Amino acid sequence: MSYFKDKPLISTRTTSHVHRPYGGVADVREIIDRAAHVKVLVFPMSLASRLVASELACPAFYAMTGDAADGSVPIYLGETNCFSRRLGEHLADPQKAWARLMFVVRGTSKEVRFTKETAAYLQFWLTHAADRCGVMKVVAGCPPRMPEIDPLEMPLHERMLEDAQRLLFDAGVTAFEPAPAGMPQVDAPSLSPETADDAESGPMEIDVHLPPGGAEFELRYDETIWARGYPANDRFVVAAGSDFRIATNPSASPVTRARRAALFEAGVLTPIPGAVDRMRITVDIAFPSMATAAKSVCGAHVDSSKWRPVDPTQRPVMQL
């Protein structure tokens with residue numbers, strides 16, 4: 001079956017089924033792909049208090065969406081080892097009263113286990129996909145964490161992530177996919193001088209080997225984030241071993257979000273045992289300026305003043 005001329009096959013073909021167990025159109029729906037290891041249940045939050053708890057007392061990744069405000073739709077992304085319990089907690093939280101729709105991603109069979117770690121893996125990568133796209137406004141909750149996954153299980157988790165993202169899109173969640181090429185775009189808002197400088201100041205380079213060109217600097221942010229950097233030629237290098245904050249503030253510019261997403265996708269960030277708010281940078285990364293380096297590391301609209309020169313006379317000296 002071919003509907004368009006010269007349209008290449010860009011990936012494996014898929015088929016999604018939409019089941020409406022109670023009829024209607026915008027009511028309860030379940031999106032299923034017989035070849036996938038996950039499925040998506042969608043229901044209005046007005047039905048949440050009537051949920052049969054035993055049916056969804058399982059690990060799950062979930063998304064709550066609300067009505068558009070200030071031009072964007074809010075979305076909350078979470079994970080849990082017992083969805084029905086977590087849903088009850090959200091219903092009792094007045095700060096979640098804005099939610100209108102619930103999307104629940106869970107496993108399809110006992111043969112392929114969908115665990116809390118699976119849910120955390122989906123939350124981690126889908127949160128950063130939503131931040132990168134900027135189509136919906138991510139409502140801050142607990143910072144997503146990258147769980148420790150057995151390398152032998154990683155291909156399965158990657159497949160589940162791909163399936164979940166596709167089925168959520170079919171369910172109506174557009175937060176993770178940019179608009180198709182050729183679609184009309186809303187005019188971008190005008191950039192402040194600082195943001196414009198970021199956009200025009202040059203690319204970010206990953207895994208560089210540049211000799212220091214001057215003093216060494218340290219950055220501290222939010223009491224837990226620490227980074228080390230140094231100028232090199234006309235760049236500023238953030239050194240391997242520095243912290244990288246996982247969460248991204250709503251104030252971060254699209255340029256900052258794109259740089260952070262590129263670092264996640266490049267695989268140069270590694271989990272820190274016991275830390276849920278930050279990861280570790282494993283290679284040297286060159287930024288156009290100290291300000292863009294600070295924004296990218298902190299995931300916030302900060303400036304170069306976060307970097308402070310290191311006083312070499314204050315370093316501890318080991319007596320041999």
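Is Val 237 buried or exposed, and what is its relative accessible area? Val 237 is buried, at a relative accessible area of 0%. Buried here means under 20% relative accessible area, exposed means over 50%, and partly exposed is in between (1.4 Å probe, protein chains only).

The model is predicted, so local features need pLDDT of at least 70 and side-chain atom pairs count only at pLDDT 80 or more, while totals for chains, interfaces and linings use all residues. Residues are numbered from 1 along each chain as its sequence is written, and side-chain values use heavy atoms, with hydrogens and water left out.

**Whole chain**

Start with the protein chain in cartoon view. Its secondary structure comes to 6 helices and 16 strands. Helices (H or I, at least four residues) and strands (E, at least two) are DSSP runs, numbered from the N terminus. Of the 320 residues in the chain, 43% are buried. Among contacts between residues at least 6 apart in sequence, 66% join residues at least 24 apart; contact means heavy atoms within 4.5 Å.

Select Val 237, which lies in strand E11. Not counting residues up to four places away in sequence, Val 237 touches Val 208, Leu 210, Arg 228, Gly 229, Tyr 230, Ala 232, Asp 284, Ile 285 and Ala 286.

Next, show strands E10 and E11 (residues 235–238), which pair in the antiparallel sense over 4 bridges. Two strands pair if DSSP finds at least two bridges between them. Tyr 230 stands opposite Val 237 here. The hairpin of E10 and E11 has 2 residues between the strands, and Asn 233 takes a positive phi near 55° in that hairpin.

E9 runs antiparallel to E10 (residues 225–232), joined by 5 bridges. The bridge partner of Phe 217 in E10 is Gly 229. Between E9 and E10 the hairpin has 3 residues, and Asp 222 has a positive phi near 60°.

**The open sheet**

Now select E1 to E7. These 7 strands form an open sheet in the order E1-E2-E3-E6-E4-E5-E7, with mixed pairing. Strand E1 (17–19) and strand E7 (137–138) stand at the edges with a single partner strand each, so one side of each is left without a neighbour in the sheet. Inside the sheet, strand E4 (residues 60–66) and strand E6 (residues 99–107) run antiparallel and are joined by 6 bridges. Phe 61 has Val 105 in E6 as its bridge partner.

**Nonpolar cores**

Which residues have the most contacts inside the largest nonpolar core? They are Val 40, Val 105, Leu 122, Leu 168, Phe 176, Leu 219 and Trp 307, in a core of 59 residues. The largest share of this core, 7 residues, comes from H2. A nonpolar core is a set of buried Ala, Val, Leu, Ile, Met, Phe, Trp, Tyr and Cys residues joined through side-chain atoms within 4.5 Å. Another core, of 16 residues, lies apart from the largest one and includes Ala 48, Met 64, Met 102 and Val 104.

Centre on Phe 176. Leaving out residues up to four places away in sequence, Phe 176 touches Leu 77, Leu 126, Ala 129, Ala 130, Cys 133, Gln 165 and Leu 168.

Move to Thr 256 in helix H5. Thr 256 counts as buried because its relative accessibility is 1%. Leaving aside neighbours within four places in sequence, Thr 256 is in contact with Lys 295 and Ser 296.

Lys 295 and Ser 296 are among the buried residues of H6. In helix H6 (residues 290–298), 8 of the 9 residues are buried, so the helix is largely enclosed by the rest of the structure. Gly 299 follows H6 and has a positive phi, near 65°.

**The cavity**

Last, select His 128, Asp 131, Thr 248, Arg 257, Arg 260, Ala 261 and Phe 264, which line the largest cavity. A cavity is a set of points on a 1 Å grid over the protein atoms alone where a 1.4 Å probe fits but cannot get out, and lining residues have an atom within 4 Å of a point. About 40 Å³ of space lies in this cavity; grid points are joined across faces, edges and corners, and a volume is the space filled by probe spheres set on the points. H5 gives the most to the lining, with 4 residues.

Notes:
On a 1 Å grid over the protein atoms alone, a cavity is a set of points where a 1.4 Å probe fits but cannot get out, and a pocket is an open set with protein on both sides within 12 Å along at least five of seven lines; lining residues have an atom within 4 Å of a point.
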